[in-house]
2 protein chains.
Amino acid sequence: MREVYIVGVGMTKFGKFLERSVDDLGSEAVLKAIKDAGTITQRDIQTAYVGEMATGVISGQPTVVGQTVLAQAGITSIPIVNVEDACATSSAAFREAWITVGAGLYDVALALGVEKLYTTDQGISTEALSGGKLEGRHGQIPAAHWAMIAKLYMEKYGVSKETIAQVSVKNRHNAHYNPLSQYRDLITLEQVLSSRMVADPLTLFQCCPIGDGAAAAILCSKDGLKKLGFSKAPITVAWCALASGTYEPLRDLLINGEIVRSSREAYKATGLEPKDIDIAEVHDCFSIAEYLRCESLGLCGRGEYGRLLKEGKWNIGGELPVNPSGGLLSKGHPTGATGVAQVVEVVRQMRGEAEPERQLKDVMVGLTHCSGGLASRDTAAGSVIILKNDGGPR
Amino acid sequence: MREVYIVGVGMTKFGKFLERSVDDLGSEAVLKAIKDAGTITQRDIQTAYVGEMATGVISGQPTVVGQTVLAQAGITSIPIVNVEDACATSSAAFREAWITVGAGLYDVALALGVEKLYTTDQGISTEALSGGKLEGRHGQIPAAHWAMIAKLYMEKYGVSKETIAQVSVKNRHNAHYNPLSQYRDLITLEQVLSSRMVADPLTLFQCCPIGDGAAAAILCSKDGLKKLGFSKAPITVAWCALASGTYEPLRDLLINGEIVRSSREAYKATGLEPKDIDIAEVHDCFSIAEYLRCESLGLCGRGEYGRLLKEGKWNIGGELPVNPSGGLLSKGHPTGATGVAQVVEVVRQMRGEAEPERQLKDVMVGLTHCSGGLASRDTAAGSVIILKNDGGPR
């Protein structure tokens, strides 16, 4: 595998956009990433991997979504592969782009994540976000699943519902300064706790919203950099890991096996440890999920996330900021877009391009994590991507 | 890119199986491929790419289909990526498996194609096979699209409807000897022409059927072969090309741009030419499609397919047998399964494992082709895979 670098990133604002199509959202992100790279045009993109999950359910187009989105962005003829891995959908697409450039097949690859979940028919949106009819049949929609986990976590580790809800306050604070976030109004712990109950103990503000959006990244080899040049310091893709897992209901519901496996692979491959990480964008689909994700990633010991949250470790300005973008809870979670959107955030933080109020200092190593699947089928996919801000190739 | 070899293949019978699920079909193909490889178990599969297109529409599971299928086959924990590219879906999955082994990330990868299209609700099956609601809204379902092409082809090249229908007779003859085919009863030209009209001039027997099935292949590096051994001569994956195209309605409807591009790439990369090919499995979704596919692949000149068909060039025993498996028209076309099923056929012909009546002689070079997309969106994906029977690594 050759070294692979990120040379351009772009994303749309996340939100509820009834008037915007998947093609419209996706092409905006692609054109922004090309503009961000500075030295390339559509014609320089040699292959593309496109992640989306729900376009078949939402828009009635179950096939070749990447091809139609990219045609709108002026990109045709090239190999385009549509990738789906639940909430890790565009992380998996990003990883395939990394592999194909790393293999030496192409010098410039595009990774796009795009999703449109918001419609006037909330039933359809819920079906899409819940991974289809199966979850509904089992009554095991994501909110119900995570509510059970929250109860178990609270009992096992003696953590209060207030401490769990604090994740939403932190992430909304971060989103307040991120103009691309779906929700930006500051909220207090009282507001989080008194928002409508969705699945006890998870209130509305502890559940990620339904929304639309897209994010794109352009990956490039050293040869590509030499040929095309670059306008900003390339960010190194240190490793992309992907694993499968089960919800292991009869074993341990409070750890995500697919995260343990993918993060161990990524740490081993890069020689890095959790203590080396300067920024983590993790899959906080529910407040309690941020606890489990970070503990599964080894960012802290099991049962410790809440205490360290109260101490400010995960805040912007803290020892290891988690979800400085606002996370899924506030930035939003258009499913297929999330994985690449996390990469966009880490790249911008590394370049010093975040808004001043949420810009981190000296971001050298960043980690992104996505997990998803079907609790009703006891199946999950989990990805970990590690990026390094090391000045690019020498 | 390292050399990559196929060490095991397996597929289900194609057909209409109301009682069988996607998991059931997919896991059968996987276990057969593992058994065929002879020296490995589920635990040796290090990563998997799974192609399916319609499970969201048909079975209400739009996500992580590969993970649930493979769990039933006893394969968990590993990276599993779901891939979709219309009718080229599992060709694209196979190609990703080739890239990741070629890149050196894994020694053993699984490519699986699986689809279930047949339900008691024909409307749902048609929606899934037509690529969603969009095609129906435009009235441009595949049969209507290809009927227009047939009329244009007949007029431009002075070819009769009888000559076009002859493809169905040839492919059914081949399928007659293939126990995995969906339809096997021999049919005459008169029967093809007098079968129910679907879209003039395409009668029922000139349209591929709705059906269910799965096919799997196991890809392996030279290092993997050394470590795991192999029971049958490995088949070399010479190249996998993928391209996008449009139906180019204002230019030339009688050539498929995505096939021209992907086949040119494959010929250039391998140094092979159409005259070197001993077997071609091409995407004969309609009788007329076999004409366009083969002419776009450069297997003959434009407008020449019918004449050569009448001369027997494409028959088993002819100069270049096309679709000795029976093709989509008779073997069947469970969308996501087709690409890998073509690979299974070529591998078995190369090994001399086909049924005696349809076994080809001295198959050294094989080509598979799949194309698909949405005519209503003017978008297509096309893949070309070239396999070589050269005794494996030395």
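How many salt bridges does a search of the whole structure find over all chains? The search finds 42, a salt bridge being a side-chain nitrogen of Lys or Arg within 4 Å of a carboxyl oxygen of Asp or Glu. The model is predicted: local features need pLDDT of at least 70 and side-chain atom pairs count only at pLDDT 80 or more, while totals for chains, interfaces and linings use all residues. Residues are numbered from 1 along each chain as its sequence is written, chains are lettered from A and ligands numbered from 1 in the order in which they are written, and side-chain values use heavy atoms, with hydrogens and water left out.

Side chains of opposite charge can pair when their charged atoms come close. In chain A, Arg20(A) and Asp24(A) form a salt bridge with an N to O distance of 2.9 Å. Arg20(A) is buried at 16% relative accessibility, whereas Asp24(A) is partly exposed at 26% (buried, under 20% relative accessible area; exposed, over 50%; partly exposed, in between; 1.4 Å probe, protein chains only). Salt bridges also link Arg20(A), Asp24(A), Glu28(A) and Lys32(A) in a network.

In chain B, the side chains of Glu28(B) and Lys32(B) are joined by a salt bridge of 2.7 Å, N to O. Both residues belong to helix H1 (residues 22-37) of chain B, where they are four residues apart, about one turn of the helix. Helices (H or I, at least four residues) and strands (E, at least two) are DSSP runs, numbered from the N terminus. Glu28(B) has a relative accessible area of 21% and is partly exposed; Lys32(B), at 36%, is also partly exposed.

A further salt bridge in chain B pairs Lys116(B) with Asp212(B) at 3.2 Å, N to O. Lys116(B) is in strand S4 (residues 108-116) and Asp212(B) in strand S7 (residues 212-221), so the pair ties together parts 96 residues apart in sequence. Lys116(B) is buried at 9% relative accessible area, and Asp212(B) is buried at 0%.

Helix packing was examined in chain A. Helix H8 (residues 161-176) and helix H12 (residues 287-296) of chain A pack at about 95°, with axes 7 Å apart. Axes are lines fitted to C-alpha atoms, for helices over the stretch in contact, and angles run from 0 to 180 degrees between N-to-C directions. H8(A) and H12(A) are therefore roughly perpendicular (65 to 115 degrees).

Note on methods:
Angles under 35 degrees count as roughly parallel, over 145 as roughly antiparallel, 65 to 115 as roughly perpendicular and the rest as oblique.
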